[in-house]
Amino acid sequence: MMEWLLIIDGGATKTACALVHAESGEIKYTKSTSGSNYQAIGATSATEILQALLANVHAFLQQQDDSNIAVATFAMAGIDSPKDHEDVSAIIHNALSAIQLKIETLIIENDAQATLLGVTAGQAGALLIAGTGAIAYAFDGTRIVRSGGWGHRAGDEGSGYWLGQETIRAIFRMEDGRGEQTILKNAVYNYLRIQDITELASWLFRPSYTNAQLAKMGAFLAEAVTKKDSCAIHISLRAAHELVSLACAVLKKIDYQGEAFSLYCNGGAIKHNPLIFKTFSQEMKSRYPQIEVSLCQHQPIHYLMERTKMTYDSL
């Protein structure tokens with residue numbers, strides 16, 4: 001029988017899936033669609049998104065001879081409590097039942113936690129993710145702890161959403177005469193194809209608004225920083241300081257004592273803004289000289305695949 005590993009990366013902005021041949025480790029099928037964080041879009045929409053992805057997976061497997069999904073990892077954003085885990089599990093089981101897709105071993109975890117176990121290969125280490133949201137996980141070899149990731153209404157400082165929000169706020173302040181001049185205005189206006197601040201306000205409060213769309217506004221910061229825009233530099237430095245605070249908080253939870261330790265960083269907010277990553281790295285090294293800070297070199301799906309392989313190999 002041909003055995004497969006199924007990986008679902010259900011983020012706030014995008015949901016990606018991959019089918020991996022269990023023996024060879026080769027990715028044979030991939031597909032992605034919109035975000036599936038049920039806290040943002042609701043359980044019904046999240047179920048529909050997963051069901052559509054799983055239907056494609058089922059169709060692919062039907063074309064293979066005597067196939068079986070040995071292990072499936074659903075790494076989902078929005079699992080922040082036991083109740084969330086229960087709700088997301090129900091969503092996943094409903095989607096699987098609708099497609100009649102059978103899985104021998106099913107793993108349902110917070111997306112950041114699952115990525116941490118993959119990127120560290122099950123060893124002690126920490127992971128900071130600054131994507132649409134911001135969250136940090138640490139593993140001391142025995143227990144996993146977390147800080148952040150409570151959503152934009154509670155925090156998410158330093159995240160893509162936060163950067164987008166600060167970018168938009170800077171433009172409103174500038175247009176009101178309450179803040180400094182910034183080239184971020186032209187970048188955002190050109191991207192949205194708008195002419196004035198009233199149109200920006202209308203864009204923000206339109207019915208189809210999503211957090212992921214606002215997070216995209218923060219992408220203009222990096223280019224503005226290269227052009228020495230003081231406003232963009234200030235926002236980026238504040239983001240770095242917030243992420244340092246987040247990383248330090250999670251290290252304290254595992255009682256980190258200053259030994260050699262790996263801290264991995266992922267997510268567009270930190271990977272695509274060199275000033276944020278440089279400042280973050282320098283501050284962390286100044287506080288903890290033995291910490292090795294590095295950017296994840298692969299997409300999250302790669303680390304989730306490693307996490308799923310570890311489970312398969314242990315069976």
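Reader: How do α6 and α7 pack, what's the angle?
Author: In this predicted model, helix α6 (residues 184-192) packs on helix α7 (residues 197-204) at an angle of about 60°. The axes of the two helices are 11 Å apart.

Reader: And is the crossing left-handed or right-handed?
Author: Left-handed, as α6 passes α7.

Reader: Which residues meet there?
Author: From α6 you have V188, Y189 and L192. They meet I197, L200 and W203 of α7.

Reader: OK, switching to T73. Where is it found?
Author: T73 sits in strand β4, which covers residues 67-76.

Reader: Buried or exposed?
Author: T73 counts as buried because its relative accessible area is 0%, and the cut-off for buried is under 20%.

Reader: What does the T73 side chain make a polar contact with?
Author: With the side chain of T308, at 2.8 Å.

Reader: What else is T73 in contact with, leaving aside its neighbours in sequence?
Author: Setting aside anything within four places in sequence, T73 touches L6, I7, I8, I107 and R307, as well as T308.

Reader: Now the largest nonpolar core. Which residues touch the most other members?
Author: F280 and M284 do, in a core of 53 residues. Helix α10 (residues 230-253) gives the most to this core, 12 residues.

Reader: What is F280 in contact with?
Author: Beyond its neighbours within four places in sequence, F280 contacts L128, A240, L243, V244, A247, L263, C265, I270 and V293.

Reader: And what does the second core include?
Author: That one is separate and has 28 residues, including L6, Y29, Y38 and F60.

Reader: Last topic, α4. How many of its residues are buried?
Author: Eight of nine, so going by the under 20% cut-off for buried, helix α4 (residues 111-119) is mostly covered.

Reader: Which ones are buried?
Author: D111, A112, A114, T115, L116, L117, G118 and V119.

Reader: What does N110 do at the start of α4?
Author: One of the side-chain oxygens of N110 comes to within 2.8 Å of the backbone nitrogen of A112.

Reader: And just after α4, which residue takes a positive phi?
Author: A121, with a phi of about 55°.

Conventions. Residues numbered from 1 in each chain as written. Predicted model: local features only at pLDDT ≥ 70, side-chain atom pairs only at ≥ 80, totals over all residues. Heavy atoms only, no water. Axes fitted to C-alpha atoms, helices over the stretch in contact; angles between N-to-C directions. Helix = DSSP H or I, 4+ residues; strand = E, 2+ residues; numbered from the N terminus. Left-handed = near helix turned anticlockwise from the far one by under 90°. Contact = heavy atoms within 4.5 Å. Buried < 20%, exposed > 50% of the residue type's maximum accessible area, 1.4 Å probe, protein only. Polar contact = N/O pair within 3.5 Å; in protein donor to acceptor, adjacent residues only side chain to side chain. Core = buried A, V, L, I, M, F, W, Y, C linked by side-chain atoms within 4.5 Å.
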